[in-house]
Amino acid sequence: MSETIQDGRAAAARAAKTYEARAYAAPSASAALAPTTIRRRVPGPRDVQIEVLFCGVCHSDLHQARNEWQNTIPTVYPCVPGHEVLGRVVAVGREVRGFKEGDLAAVGCLVDSCRTCAACRDGEEQFCQGPATFTYNSPDPHLGGVTYGGYSESLVVDEAFVLRVSPALDPAGAAPLLCAGITTYSPLRRWNVGAGQKVGVVGLGGLGHMGVKLARAFGARVVVFTTSPGKAEDAVRLGAHDVVISRDPAALQRQAGSFDFILDTVSAPHDLNAYLALLKRNGTLTLVGAPEAPTPVGAMGLIFGRRRLAGSLIGGIRETQEMLDFCAEHGLTADIELIPISKIDAAFERLVKGDVKYRFVIDMASLK
Ligand code: NAP
Ligand code: ZN
Ligand code: ZN
């Protein structure tokens, strides 16, 4: 019998075995998140069952819960968001070697991939042609329907997609590393950000504040661009050498042509041309922020200076582990505001206003 048929049958057999888990879900694009119960698979031989202790609140959770990406990644309801998961292992399958009951474990944006395509072979499962199975709102190969994320009391994930977090790090502050951390670490590494370079970080929210901490740890000179003058002092405390209020055109103009690299983390439509103009010759503006609407880009801003406009999507499992180990070594975690899950809609409203310092993290004990 072929491997695929065997795997398929095993999955089908397991699918019959499920358990109920409490969760918070968006019932529709316009309704508030509300308590619900979902079904999780009973761990198979290679699965790790994790009790969720903390889950970060990414702006992607909001985009997805409200179906703001309906043209590219439409949301299937009910939607249980959450992909910055930090928890404790409560059960492991018989073939699991790397985790045991009681260990700390983490899950980011990915829970599976085909493992055979070129991207998977390169350890970049986020670009799996399969495609990858994302932690929520992806077709669930085990149970049908879609995957449900970390706004839930437990998760069951194949060991190959479970990350290790140092117990030396504050677990609530470490949760946001699983998305905000890797999403900023990966492009900073890919474009070799380091000593002697001037780096801009646009938007000081969850991703932006991790981008500042990491770029500083890599040795770069870091400038924050923010629409919020009230965040300027914090930007410096987080590691920025300089802060520019981005709504002031003269202040932007003073930075023209001076950056090696700019990381744009902004969640809403804004003018990219203004940032392209700040790049040096051969400089790169990389987008990680994913506003729902497209933004016009002028050819001249790219042509003069041979500038580059790029994008970056989270990071693969290997690089995510590398980032977690780097953060453990350097004592880096997110600056967080811990909330009970009942406050999730208020937190979403504050994200819309840019009122975040600098990541909301749900204390999952509040779900009990
Ligand atoms: P966040 O915490 O809400 O931060 C976004 C920041 O952008 C805000 O704090 C604000 O910073 C700035 N901002 C908001 N509205 C703005 C506007 N109209 N004009 C200019 N600046 C504005 O969000 P996040 O969780 O960091 O996520 C940021 C974006 O990245 C989201 O679109 C998210 O979906 C996306 N994302 C992408 C990936 C990926 O793999 N590429 C991964 C995770 C998230 P200031 O107050 O400093 O201006
Ligand atoms: Zn995210
Ligand atoms: Zn693949």
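Phenylalanine 225 is buried, as is tyrosine 275, where buried denotes under 20% relative accessible area, exposed over 50% and partly exposed in between, with a 1.4 Å probe and protein chains only. The model is predicted, with local features needing pLDDT of at least 70 and side-chain atom pairs counting only at pLDDT 80 or more, while totals for chains, interfaces and linings use all residues. Residues are numbered from 1 along each chain as its sequence is written, and side-chain values use heavy atoms, with hydrogens and water left out.

Rings of Phe, Tyr and Trp (its six-membered ring) pair if their centres lie within 6.5 Å; planes under 30 degrees apart are stacked, over 60 edge-to-face, and the rest tilted. By this rule there are six aromatic pairs. In one of them, the ring centres of phenylalanine 218 and phenylalanine 326 are 5.2 Å apart and the planes stand at 70 degrees, so the pair is edge-to-face. Because phenylalanine 218 lies in the loop between helix 6 (206–217) and strand 10 (221–226) and phenylalanine 326 in helix 11 (residues 317–330), this pair ties together parts that are 108 residues apart in sequence. Helices (H or I, at least four residues) and strands (E, at least two) are DSSP runs, numbered from the N terminus.

Note on methods
Chains lettered and ligands numbered in written order.
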